[in-house]
Amino acid sequence: MFQKTKVGVAAAMLVGGAGLLAGTAQAQSTDQRVEITGSRILSIGAQSPAPVQVLTSEDIAKSGVTNVQELLLKLPSLGTPAISRTNSNFQTSSSGVATVDLRDLGTDRTLVLVNGRRFVSGLPGSAAVDLTTIPTDFIERIEILTGGASATYGSDAMAGVVNIILKKAFSGVIIDVRYGESSKGDDKKGVLSLTGGLTSADGRSNIMAHFGYSKQGSVPGWTREPTDNVDNANFTGDPADFFTFTTPFFSSFAPQGRIFFDTNGAAAGGGANRTFDRAGNIIPFSTNGPAGDGVGATGFNRQAFRYLAVPTERYLFATKGELAIAESHSVFFEGTYAATQVRSQLEPFPLDSAAETGGLYPATGVGPAEFSYAGAIRANPLIPAGLLALMTDTNGDGLRDYSFTRRLSEVGNRGSTADRDTFRVLGGFKGTILKSWDYEAFAGYGATKESQVSSGQVNVLNFRNAMEAVPDVTDVDGDGNVTEAICRDEQARAQGCVPANIFGFNSLSSAAVNYITAPSLLVTLTSQKLAGGVVRGEPFVLPAGPVSLAAGFEWREEYSRSEFDPLQQAGLNAGNAIPRTEGEFHVKELFAEVRVPLLKNLPAVRALTFNGAVRGADYSTVGSVSSWTAGLEWSPMADLRFRGTQARSTRAPNINELYSPPSQTFPTGIVDPCTGVTAAQTGTLADRCRAAPGVAANIAANGGTFTLNQADTQGISGFDRGNPNLSEEVGKSWTLGIVYTPSFLRNLSVELDFFKIDIDDAIVSTPRQFILSQCYTGDASFCQFITRRSAAVGANSAGSLSFVDSAVTNSGGLSTEGYDLTLNYADRIGPGRLNSRFAYTRLSKGSVVPAAGSAPDVYAGEIGSAKDKFALSLGYSMGPFSVATTTTYIGKSALDDQLLVEGFGLPAGSITVPSKTYLDLQLNYTLGKSTFYFGMDNALGTKPPRFDTNGTLVGTTGAGTAADVYDAIGRRYYVGVRMAL
């Protein structure tokens with residue numbers, strides 16, 4: 001039902017569609033002071049000077065979502081989340097967390113509040129809140145304010161605020177039971193929630209409690225197109241080739257092993273190499289086949305092991321209450337506890353014996369096939385004789401050697417099981433003093449702890465000992481067998497070393513696996529302490545009305561620690577080297593806000609009001625910062641209102657940005673600008689490329705052209721690091737809008753808003769593609785972050801990229817600009833009632849400056865930041881029946897212009913993926929106090945656009961699409977019942 005109501009009860013314009021409600025947040029009561037997001041002032045008939053969209057509890061119920069992230073992402077003003085179920089399978093921590101990102105300005109620039117107060121982060125070192133820890137049945141409404149709001153709420157509110165308002169009071173008991181699954185029979189979802197409450201007879205005291213349980217099953221990547229195989233675009237630089245896929249596009253790290261035994265003169269990488277068939281025969285290696293000798297593809301399909309969406313199981317308890325202690329005073333409290341378990345899974349570990357980090361022989365690139373042992377030169381007895389005969393001495397020590405790559409299938413799949421606990425408690429006092437002044441004071445503590453055990457990795461020190469096997473010619477174990485393989489090192493034998501046979505399928509024994517396996521452990525802690533207070537009132541009255549004032553203080557302390565086990569920190573478990581990260585900061589803040597009615601009931605001025613706010617903060621890290629907001633509201637007549645704000649916002653760096661030590665990563669989508677450079681080519685690019693010895697050697701070995709193989713494009717690493725010398729970001733935002741509610745059509749509301757946000761001194765991690773471009777065609781100082789292989793190492797070519805490092809600095813900038821259009825209409829049509837809402841966002845500009853003085857990198861219109869997005873909600877109710885639908889649209893989007901322009905010299909926007917439209921619906925039938933419902937998400941079965949996520953700088957690893965932008969799961973069904981007792 002469409003109606004204008006008190007913000008404290010339902011807020012704005014209720015749309016009974018599948019989920020979306022928006023409009024000007026306002027209060028129509030004549031006697032109740034209310035607070036709306038964007039202001040600390042309590043006032044009668046308040047209206048927001050900035051655009052505020054509102055989702056109600058009915059919207060949440062009719063969407064069938066498990067957490068509010070799923071619903072928020074349907075709003076066109078929301079960008080791609082940093083973490084969700086469908087993009088976190090490859091996360092080293094925090095898998096399954098749900099975050100939000102307003103305006104695509106970054107998760108850390110969107111502030112999430114609960115009842116107008118901060119909530120503890122769900123990500124170590126960040127301010128991002130995990131929305132899965134907030135029970136949906138406890139929520140009264142969600143208010144989304146776009147535009148800088150740091151003056152009102154403090155740091156992080158540069159793109160806007162998501163304020164989750166919990167129910168004020170509730171009497172009775174509601175039970176909700178739901179089950180659903182996808183059309184493929186996976187993504188199974190079970191939900192049970194129980195919410196109850198009591199309210200005193202006078203309505204001034206109340207208590208509520210909620211218990212919830214949810215379990216969401218995995219979505220295997222191998223059950224979906226385009227993720228049922230690993231595909232790679234056959235891209236030659238011609239846009240017509242981009243969607244011509246190489247199938248299969250397997251990994252060159254195979255479970256039977258790939259042995260390199262002669263790299264002499266093979267500067268392009270590879271040299272002579274062999275592998276094994278299922279019978280143990282030595283054959284040539286051909287990643288994708290077919291080989292000339294008919295052996296076919298010998299590579300490995302990684303996709304057969306990856307999750308597209310991670311399974312999660314969660315227990316959630318929440319409580320809140322208020323107790324009147326005097327006529328005008330009360331105490332209140334809020335408590336939340338969430339226990340979550342998330343499992344991730346991906347393919348077995350790809351071990352490269354010659355890798356610079358995590359390899360068994362990083363110094364020489366080769367391991368010994370022969371040893372001087374017991375007075376003679378003796379070969380590793382586990383090496384097949386036919387393979388040993390092909391090996392030579394490549395490092396000049398007089399002994400034959402080799403290098404290898406191998407998928408460690410016997411060790412098992414990689415993955416993690418994370419147990420995450422979030423706890424938060426907050427209490428305070430509120431009331432009225434001096435008859436017309438309200439006050440509130442609060443203090444709280446919250447913490448998120450995560451304990452994660454990861455599998456599938458190995459101890460490279462033990463593995464190296466196990467690889468160096470010799471025949472037991474001296475019968476050290478006394479069993480009389482002098483030909484069996486034993487570990488060469490006596491100390492290693494004493495510590496349980498078992499020889500490792502890597503030559504062939506399933507050749508590693510269980511005893512060897514037990515010796516080399518090294519599960520990874522991670523423990524994180526994020527805590528938040530906060531306190532604050534505010535007084536609000538009307539100090540005096542002007543001819544146009546009372547002046548409203550709010551003033552207060554806040555104090556906050558944030559702490560974070562992330563610590564892996566010692567092997568992971570040192571990079572000795574064959575994975576990323578991730579050191580311990582620990583840090584803290586505290587901040588003291590003072591703020592004030594004023595609302596001044598300037599004119600009233602004059603010709604062409606029904607009302608003119610000024611709104612202003614200012615905040616000063618003192619951080620232990622960056623020192624003093626300040627923010628302010630100024631806005632005007634002008635209503636020339638009852639049907640029409642104009643609004644505008646200008647704001648200065650700030651964001652202090654978070655703990656990760658300040659204190660992260662160098663942490664290893666393996667970026668995807670990197671295009672080497674030296675690819676294709678020839679010996680005769682002239683110009684800056686060619687000269688700088690050939691200056692690297694490895695590139696020159698590669699060119700000489702490949703007929704005069706720099707040539708890379710598949711392993712080179714998949715073998716790039718690098719280190720990310722924080723910066724303790726960071727300063728705060730400063731943002732400027734503008735919003736201008738018009739609200740039209742025609743009296744001749746009282747159930748229609750039209751809102752049109754312009755927004756513009758510019759952020760200077762943005763904290764950015766310099767993109768690696770930008771670093772490469774600058775090194776070879778621009779500022780050569782960026783070359784210090786790049787390391788190339790001077791010679792061929794294993795499967796990697798001479799001159800190929802080994803490391804491209806990056807760090808965060810205040811050298812960047814962010815900018816976004818566009819329009820929001822919202823239409824709401826509801827009325828009785830036929831035998832029932834229609835509710836409708838249309839929300840459209842046009843992103844006209846959006847760019848990031850990766851480094852000071854560099855040209856903006858335009859992202860508006862690219863995948864994840866479509867220029868055109870809309871959501872249409874329709875609902876129709878008739879007696880006990882109702883139906884609700886939501887149609888969402890994502891416009892045509894282009895590939896990242898860094899890939900197109902800098903990687904292949906193509907015009908920006910020259911390669912695009914088509915628009916996509918999704919339909920969600922829910923049918924309801926109410927019988928007494930019970931409501932039975934049936935719903936479908938992605939009812940049309942819309943498939944995501946297919947593109948190569950390995951080489952496009954966008955998309956979700958292993959998904960074949962951007963699974964955090966498009967629905968990669970497919971059609972889903974659910975049924976449920978909601979009972980009131």
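Here is a short tour, stop by stop.

This is a predicted model, where local features need pLDDT of at least 70 and side-chain atom pairs count only at pLDDT 80 or more, while totals for chains, interfaces and linings use all residues. Residues are numbered from 1 along each chain as its sequence is written, and side-chain values use heavy atoms, with hydrogens and water left out.

**Stop one: a nonpolar patch**

Select Val 177, Leu 192, Leu 194, Phe 211, Tyr 315, Phe 317, Tyr 337, Phe 423, Val 425 and Tyr 445, and you have a nonpolar surface patch with about 850 Å² of accessible area together. Patch members have over 30% relative accessible area and no salt bridge, and nonpolar side chains (Val, Leu, Ile, Met, Phe, Trp, Tyr) are joined within 5 Å. A salt bridge here is a side-chain nitrogen of Lys or Arg within 4 Å of a carboxyl oxygen of Asp or Glu. Areas are Shrake-Rupley values with a 1.4 Å probe, and for residues only the protein chains shown count as cover.

Now colour β9 (189–199), β18 (312–326) and β25 (414–433): each gives the patch at least two residues. Strands are DSSP E runs of at least two residues and helices are H or I runs of at least four, numbered from the N terminus.

**Stop two: the largest cavity**

A cavity is a set of points, on a 1 Å grid over the protein atoms alone, where a 1.4 Å probe fits but cannot get out; lining residues have an atom within 4 Å of a point. Points are joined across faces, edges and corners, and volume is the space filled by probe spheres set on them.

The count is 14 cavities of 30 Å³ or more, and the largest has a volume of about 880 Å³. Select Glu 70, Leu 73, Lys 74, Asp 967 and Arg 972, which lie nearest its centre among 45 lining residues. β45 provides the largest share of that lining, three residues.

**Stop three: helix α13**

Finally, select 768–777: nine of the ten residues of α13 are buried, so the helix is largely enclosed by the rest of the structure. Phe 770, Ile 771 and Leu 772 are among the buried ones.

Conventions. Patch = residues over 30% accessible without salt bridge, like charges linked within 9 Å, V, L, I, M, F, W, Y side chains within 5 Å. 1 Å grid on protein atoms, 1.4 Å probe; cavity = no way out; pocket = protein on both sides within 12 Å on 5 of 7 lines; lining within 4 Å. Buried < 20%, exposed > 50% of the residue type's maximum accessible area, 1.4 Å probe, protein only.
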